[in-house]
Amino acid sequence: MKLKSLAFVATAVLALTINLAAARAEDLKMAVTTSFANSGLAEVLLPKIKEDTGLNVQLLVVGTGQALALGAAGDVDAVLVHARAAEEKWLAEGNGTHRREIMYNDFIIVGPSADPAGAAKAEKATGALTAIAKAKAPFVSRGDDSGTHKMEQRLWKAAGIDPQGDWYRAVGQGMGAALNTAAGMNAYILADRASWLNFGNKADLKLVFEGDPVLFNQYAYLPVNPEKYPSVNADGAQRLEEWLVSDTAKQLINDYKIAGQTLFVFNAKAE
Amino acid sequence: MNSISLGLAEAWRLLITFDADLFEITALSLRVTLSATLVATLIGLPLGAWLAINRFRMRRVVIALLNALMGLPPVVVGLLVYVVFSRSGPLGVLGLLYTPTVMVIAQAIIITPIVTSIAHQAIRDLWADYHDLLISLNATRWQRIQALIWDGRRALMTAALAGFGRAIGEVGAVMIVGGNIDHATRILTTAIALETGKGEFGMALALGFILIGLAIAVNLAVHILSRTETGSRW
């Protein structure tokens, strides 16, 4: 009896272990940034991509730094990121075939609704950051080498400030986790607009600064070099690129809104 | 507080509507972790028994090492498994990265030391009782291991369940090697991390409650099927 029940457990476990590999559509792995995934645009684009191209795009949601590393290791077929300098370095190292600009969104500065540093009164993004640094108001930095983090570092540099001290907190995490930290500490943070609008735990935070053109955030599509990794689905990556720059994509991207606000502006150029 | 009640309500809603995505990630969680537990048990029980009845020079070192490995940080295991199975790594040609198989491998590495250590501990105690009997019966080494494993099955089940418990709640390793790909490698723990990142605490907690429920259900099922706590001493 005991033997029987043990045998039953063993059989049940074995049955579960067997991989029920069903026939699948053609898979394409793309590493994307957390800010793109958090925007919710992927849920609009992916079903349509599947319908039009037959590609089942599997997203690996990571920071820009890790996305490029996964591409350099040949573990994904393409990357969609937003950090131009890092992208060009990555291309120069022979990791990808080319860089295609697809769309842009913008960064915003989010902070406590009382705005103790007076960042909202600034005219430029650098001015807002200077105000925060002067007031030593708590500021949460992504600190994870992501595109957002790189943008933040560029802004500090442009403002001529080396952010240091108790008020500057680098959390080393994704956009969502960093926003959670900022909400918990009632701190300022640089975020992309899409992540902010979709964020469910706003607490006492509000948007304090927006609109400076330096905050525009260009997304680019970079297929991984098939000469370096023959296992890469280069044909699929090519078809996905053609779709991403098509009129269908243009309309879906430009029409995507959260809370009545447009998030992305399509700006791919025909070749 | 509000998030907790929201989480409970959301968990209930997902359960009564038989949410398809929930079913998919729960089934994958269960499949990956049960497979990893099976692998870890197949390695850990005989290894634990072998360590208990054999005396060799490095025994103390091996046992100390196993005990230390019980605290392996999953994220380190994940990174190591990633590096090995990456396309640029030594086993990259297998193309296993971002599949449930590699998640099983990572979890099995994490829990094998636990299963082995607990099994070793249990069998060592049993071996003290059985030593003279098995020696006088002139049992072979393999027969001794078999007898000890069978008679210590209850403690060994605890070993397997401890391994299962650690693996089912593990997120660091499977996030790296599985990639949390929707409809491919997303499991309960990585989905919880994702929802937390989106600030959707209600949904994250709902999945957390379902994970806890799943762990309880598996443990209960194993105990009922193996009829523990019924006889005077089974």
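Tutor: Domain bounds here come from an automatic or database domain assignment, and on that basis chain A is divided into domain 1 (25-104 + 217-266) and domain 2 (106-215). The C-alpha centres of domain 1 of chain A and domain 2 of chain A lie 26 Å apart. This is a predicted model, in which local features need pLDDT of at least 70 and side-chain atom pairs count only at pLDDT 80 or more, while totals for chains, interfaces and linings use all residues. Residues are numbered from 1 along each chain as its sequence is written, and chains are lettered from A and ligands numbered from 1 in the order in which they are written.

Student: What makes residues of domain 1 of chain A and domain 2 of chain A count as a contact, and how many does each supply?

Tutor: Two residues are in contact if their C-beta atoms, placed from the backbone, lie within 7 Å, and the contact between the two domains takes 18 residues from domain 1 of chain A and 18 residues from domain 2 of chain A. On the side of domain 1 of chain A that touches domain 2 of chain A, α2 (34-39) and α4 (64-72) of chain A each supply at least two residues, and α2(A) gives the most, with 4 residues. By class, that side of domain 1 of chain A has 6 nonpolar, 12 polar and no charged residues, where Ala, Val, Leu, Ile, Met, Phe, Trp, Tyr, Cys and Pro count as nonpolar, Asp, Glu, Lys and Arg as charged, and the others, Gly among them, as polar.

Student: Which residues bring α3(A) and α10(A) together?

Tutor: I49(A), D52(A) and T53(A) in α3(A) meet R239(A), L240(A) and W243(A) in α10(A), and this contact divides into 3 nonpolar, 1 polar and 2 charged residues.

Student: How do you know how many helices chain B has?

Tutor: Helices (H or I, at least four residues) and strands (E, at least two) are DSSP runs, numbered from the N terminus, and by that rule chain B has 10 helices and 0 strands.

Student: Why is there said to be a kink in α2(B), and where is it centred?

Tutor: The bend at a residue is the angle between axes fitted to the seven residues ending there and the seven starting there, and in α2(B) a kink of about 25° is centred on T41(B). The expected span of a helix is 1.5 Å times one less than its number of residues, and α2(B), with 34 residues, reaches 49 Å from its first C-alpha to its last, close to the 50 Å expected.

Student: What angle do the axes of α2(B) and α5(B) make where they cross?

Tutor: Axes are lines fitted to C-alpha atoms, for helices over the stretch in contact, with angles running from 0 to 180 degrees between N-to-C directions, and the axes of α2(B) and α5 (residues 100-136) of chain B come within 5 Å and cross at roughly 35°. The residues of this contact of α2(B) with α5(B) divide into 21 nonpolar, 10 polar and 2 charged.

Student: How many residues of chain B are in contact with chain A?

Tutor: There are 25 residues of chain B in contact with 28 residues of chain A, and the largest share of the chain B side, 5 residues, comes from α2(B).
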